[in-house]
Amino acid sequence: MRKKVMKPNDVLFICDFETTGIGPDDYPIELGGIFTDCNFKALDFFDELIFWKYLGTDDWNDEYKEAYKMHKIDFDYWIKNSVPRNVAIEILEDKINRLKNKKYNRFIIVSDNAQFEYNHMKKLYGDFGFPFHYTAWDVNLLFALNNIEEDDDVAHRAFSDAMGIYFTLIKNFKK
């Protein structure tokens with residue numbers, strides 16, 4: 001008999017980060033995601049720009065120009081609308097704790113680049129304690145099977161990218 005991977009009290013956090021680049025020293029500047037149960041019923045949402053450290057406009061346009069081409073988050077917009085890292089974590093923790101009060105207890109990161117998202121989540125949390133399961137689900141194979149290609153001309157924002165992953169999962173797995 002095949003063992004079920006998902007348990008009824010599991011929560012998927014289907015998420016995406018926008019960052020200053022793709023290297024290990026780069027910073028997450030936006031996180032968007034949908035908390036769902038194991039049947040992909042939406043339970044809550046998260047969408048925040050994150051002030052990780054001050055990056056000057058020269059840095060934004062030069063050092064991180066490749067990332068900017070993808071997310072197209074304007075520096076002044078980021079400065080004006082971002083929340084400090086600890087506040088972003090508090091908001092995320094509040095959502096997780098509310099779900100824990102509803103008897104959900106294992107939180108699994110799901111993304112189209114799960115290792116990238118998992119590593120940036122660990123970086124975001126740092127010494128704050130890490131509430132997510134030790135593994136993550138990567139859905140890139142679903143994108144390939146569904147002939148989904150990224151459009152480089154469209155701004156990649158974290159929440160809209162997470163929603164794209166969510167709808168791909170629903171299309172492929174919802175009963």
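**Note on the predicted model**

1. Cys15 is buried, its relative accessible area being 0%. Buried here stands for under 20% relative accessible area, exposed for over 50%, and partly exposed for what lies in between, with a 1.4 Å probe and protein chains only. Cys38, by contrast, is partly exposed at 22% relative accessibility. The number of disulfides is 0, a disulfide being taken as a pair of cysteine sulfur atoms within 2.5 Å.

2. The model is predicted, so local features need pLDDT of at least 70 and side-chain atom pairs count only at pLDDT 80 or more, whereas totals for chains, interfaces and linings use all residues. Residues are numbered from 1 along each chain as its sequence is written, and side-chain values use heavy atoms, with hydrogens and water left out.

3. The protein chain holds 7 helices and 6 strands; these are DSSP runs numbered from the N terminus, helices being H or I of at least four residues and strands E of at least two. Read from the N terminus, the order of elements is β-β-β-α-α-α-β-α-β-α-β-α-α. Of its 175 residues, 46% count as buried. Contact means heavy atoms within 4.5 Å; among contacts between residues at least 6 apart in sequence, 71% join residues at least 24 apart.

4. The 6 strands form an open sheet with mixed pairing, in the order E4-E3-E2-E1-E5-E6. Two strands are paired if DSSP finds at least two bridges between them. Strand E4 (83-84) and strand E6 (136-138) are the edge strands, each pairing on one side only. Strand E5 (residues 106-111) is parallel to E6 over 3 bridges, and Val110 has Trp137 in E6 as its bridge partner. Helix H5 packs on this sheet and touches strand E1 (10-19), strand E2 (28-36), strand E3 (42-51), E5 and E6, its direction making about 85° with that of E1.

5. Helix H4 (residues 85-100) and helix H5 (residues 114-125) have axes that come within 10 Å and cross at roughly 110°. H4 is therefore roughly perpendicular to H5: angles of 65 to 115 degrees carry that name, those under 35 count as roughly parallel, those over 145 as roughly antiparallel, and the rest as oblique. Axes are lines fitted to C-alpha atoms, for helices over the stretch in contact, and angles run from 0 to 180 degrees between N-to-C directions. Arg85, Ile89, Leu92, Glu93 and Ile96 in H4 meet Met121, Lys123, Leu124 and Tyr125 in H5.

6. His120 lies in helix H5 and is buried, with 5% relative accessible area. Apart from neighbours within four places in sequence, His120 contacts Phe17, Thr19, Gly23, Asp26 and Pro28.

7. Most residues other than glycine have a negative phi. Lys72, however, has phi near 55°, a positive value. Lys72 sits in the loop between helix H2 (65-71) and helix H3 (75-81), and is partly exposed at 34% relative accessibility. Lys103, also not a glycine, has a positive phi of about 75°. Lys103 belongs to the loop between H4 and E5 and is exposed, at 66% relative accessibility.
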